[in-house]
Amino acid sequence: MANLANTMNKVKILVVGDSGVGKTSLVHLICHGEVLGNSSWTIGCSVEVRIHEFREGTPSQRPYFVEFWDVGGSGSHRNARHVFYTPVHGIILTHDLTNRKSQVNLHRWLAEVLLREAGGGSGGGAGGGRNRSSLLVEDFDAENFGGFAQVPVFVVGTKLDLMGTYRSYNRSRGSTIAEECSADEINVNTQDPRSLAPGSSNAVKLSRFLDKVIEKQAVLRGEVDREGGGFSSYSSSYSFPPPPSSSSSSSLATSRRAKTSFSSISSPPVMPSSPTSPSSSYLIG
């Protein structure tokens, strides 16, 4: 695994949305192709990794590490979670198909991430207080904001199996954030692996999104051209981050979903320190 890691680069994708919409179950399904048995509330951020074949089936095909940063949606941590937002290479906006409010709030989540990435504020995220950042979020218009031109967006509706009578209600509404951002959108049942089965429409759209995220970063690094040319050079390596605080304790070597606790954060955490563990978690106390 270590030798493999030395030949691959990485991209970071934020998975955001209201608390309880099923982000953790979605990320687990994406990374492992299986249903998450016992899901729990994410406090802070949990990181999972998937190896994606960029431009699969072409002469320039190359494996990439894709990190999915599952950010907890609790309002009590809205002033601290911004530390996970920089850098960001792609955004997956997640909402519950049976909860209209969670879909409406995607505008606030997108604004929270992009305004932070652009230096527009240091907190006051979705549902935040009446400070400068909150006012920027309220005035945010996805159609007129250029941030997503540089940061690809993907929209996922969860709990498809529970929609029932909600279907006609949701589809009767106006323009969705996916349309405003010119982004692909899929609806999934995270309790059914067939929702993202290889070759399915959902899987193809997800793969296309990951390719778009990787291509933007590869072009910026001069590794590949926009016209589909090959890689010019490749010497970077992958590593997971050490704990954000020197006093933090980590169980990455012994647990699949390792936990690292810290009580205060002054700068964004870096990626986990060993690629042998597929996931790690950061807790905000």
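**View 1. Residue classes in the lining of the largest pocket of this predicted model.** Sorted by class, the lining of the largest pocket holds 17 polar residues, five nonpolar residues and four charged residues. The volume of the largest pocket comes to about 360 Å³, and of the 26 residues that line it, those closest to its centre are Gly20, Val21, Gly22, Lys23 and Ser39. Two elements, α2 (23-32) and β3 (62-71), each supply at least two residues of this lining, and the largest share, three residues, comes from α2.

**View 2. The edge-to-face pair of phenylalanine 54 and tyrosine 64.** The count of aromatic pairs in the model comes to three. In one of them, the ring centres of phenylalanine 54 and tyrosine 64 are 5.9 Å apart and the ring planes stand at 70 degrees, so the pair is edge-to-face, the cut-off for that class being over 60 degrees. Phenylalanine 54 and tyrosine 64 are both buried.

**View 3. The stacked pair of phenylalanine 154 and phenylalanine 209.** Here the ring centres of phenylalanine 154 and phenylalanine 209 lie 5.1 Å apart with their planes at 15 degrees, and the pair is therefore stacked, a class that requires planes under 30 degrees apart. This pair, too, links distant parts of the chain, as phenylalanine 154 is in strand β5 (residues 153-158) and phenylalanine 209 is in helix α9, 55 residues apart. Both phenylalanine 154 and phenylalanine 209 are buried.

**View 4. Helix α9 (residues 201-220) and the glycine that follows it.** With 20 residues at 1.5 Å a residue, helix α9 should span 28 Å, and because its end C-alpha atoms are 29 Å apart, the model agrees with that expectation. After α9 comes glycine 222, whose phi is positive, near 75 degrees.

**View 5. Lysine 12 over the face of tryptophan 69.** Lysine 12 is placed over the face of the tryptophan 69 ring, at 4.1 Å from the ring centre.

Definitions and conventions:
Residues numbered from 1 in each chain as written. Predicted model: local features only at pLDDT ≥ 70, side-chain atom pairs only at ≥ 80, totals over all residues. Heavy atoms only, no water. 1 Å grid on protein atoms, 1.4 Å probe; cavity = no way out; pocket = protein on both sides within 12 Å on 5 of 7 lines; lining within 4 Å. Points joined across faces, edges and corners; volume = space filled by probe spheres on them. Helix = DSSP H or I, 4+ residues; strand = E, 2+ residues; numbered from the N terminus. Nonpolar A, V, L, I, M, F, W, Y, C, P; charged D, E, K, R; others polar. Expected span 1.5 Å × (residues − 1). Phe/Tyr/Trp six-rings, centres within 6.5 Å; stacked < 30°, edge-to-face > 60°. Buried < 20%, exposed > 50% of the residue type's maximum accessible area, 1.4 Å probe, protein only. Lys NZ or Arg CZ within 6 Å of the ring centre and 35° of its normal.
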